[in-house]
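Please consult the sequence and structure shown here alongside the text.

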Amino acid sequence: MSFIIRSAFAKNRGLWSPVLGAVRTMSSAGDSTSSFTTLSVTRPADSITHVELNRPEKRNAMSRAFWSEMVDCFNEIAVDAECRVVIFSGAGKLFTSGIDLMDMASDILQPEGDDQARVSWNLRRVITKYQETFSVIEKCPKPVIVAVHGPCIGGGVDLITACDIRLCTQDAWFQVKEVDIGLAADVGTLQRLPNVIGSRSLVSELALTARKMYSDEAKSCGLVSRVFPDKEAMMAGALEMAGEIAARSPVAVQGTKINLVYSRDHGVTEGLNYMATWNMSMLQTHDLMKSAQAAIEKKGPKEVIFSKL
């Protein structure tokens, strides 16, 4: 599978704007193509893929189509040798307003089943399917930088906590909204947010009160690593950061992400053992000698050519 990127970008107040959009090639389906309806996928620079939540007229609410398209999109990115790093953002005036309740109501409120056991079984299947929408970001070996502007509500928090690097604008705010609509967050926030910010007390406060967290607090607690004055500056910063990552050895970069995720979920001893097993083969890459030679010659990473992975 690979992405075909058709004519790249036009300037719109300094922000990226897809001109003709992106189509995806499904080689397993006889090279047929079809476009995503909720996502825009473009390539702003070599080895960098930009995925944009693209329902600005609906405040980027997460519709039924979004949940499956995210899985397809990131599964394709995972095996796309042309991509080394991903930037994820939202189109329009805000990042996302969360789940599109009107579109999702039938799945959540009217699950199929002839009796309570079957209803429960089918509802569990629906929930685990939705969980995969964000877990696929984490499973993708390519680092994902998420750039948040304006509100990031409900499912948006589930999404960003599955990403590797989080950036935001000064006007961004975050809200674990689920208790306000009568449910416990069930697609990743309660599992990932405690590891991201490191304070169970703060996580409990946010999840139980549904209060808003603004950008200054998000930076101080570690939810985001950088805050920018506006979206234009943030997207420029994200692209610059992505360029730095893409210039490094893809063997080293992807191995680093995979081991960071593994070590988060395992003890130090297990993590070290997994790392040793990983590097007993990965250290045999030509990238190691190329990087060492570049250092001797005082060359920067962008001056070294690494093979695709």
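The sections below treat the basis of the model, its salt bridges and a nonpolar patch.

## Basis

This is a predicted model, in which local features need pLDDT of at least 70 and side-chain atom pairs count only at pLDDT 80 or more, while totals for chains, interfaces and linings use all residues. Residues are numbered from 1 along each chain as its sequence is written, and side-chain values use heavy atoms, with hydrogens and water left out.

## Salt bridges

The whole structure contains 15 salt bridges (a side-chain nitrogen of Lys or Arg within 4 Å of a carboxyl oxygen of Asp or Glu). One of them joins Arg43 and Asp80 at 2.8 Å, N to O. Arg43 belongs to strand β6 (residues 39-45) and Asp80 to the loop between α1 (64-78) and β8 (85-90), so the pair ties together parts 37 residues apart in sequence. Arg43 is buried at 17% relative accessibility, and Asp80 is buried at 3% (buried: under 20% relative accessible area; exposed: over 50%; partly exposed: in between; 1.4 Å probe, protein chains only).

Lys308 and Glu82 form a salt bridge at 2.4 Å, N to O. This pair spans 226 residues, with Lys308 in the segment after α11 (286-296) and Glu82 in the loop between α1 and β8. Lys308 is exposed at 54%, whereas Glu82 is partly exposed at 38%.

## Nonpolar patch

Ile99, Leu101, Ile108, Leu109, Ile181 and Leu183 form a nonpolar surface patch with about 490 Å² of accessible area together (residues with over 30% relative accessible area and no salt bridge, nonpolar side chains being joined within 5 Å; areas by the Shrake-Rupley method with a 1.4 Å probe). Leu183 is partly exposed, at 31% relative accessibility.

Key:
Patch = residues over 30% accessible without salt bridge, like charges linked within 9 Å, V, L, I, M, F, W, Y side chains within 5 Å. Helix = DSSP H or I, 4+ residues; strand = E, 2+ residues; numbered from the N terminus.
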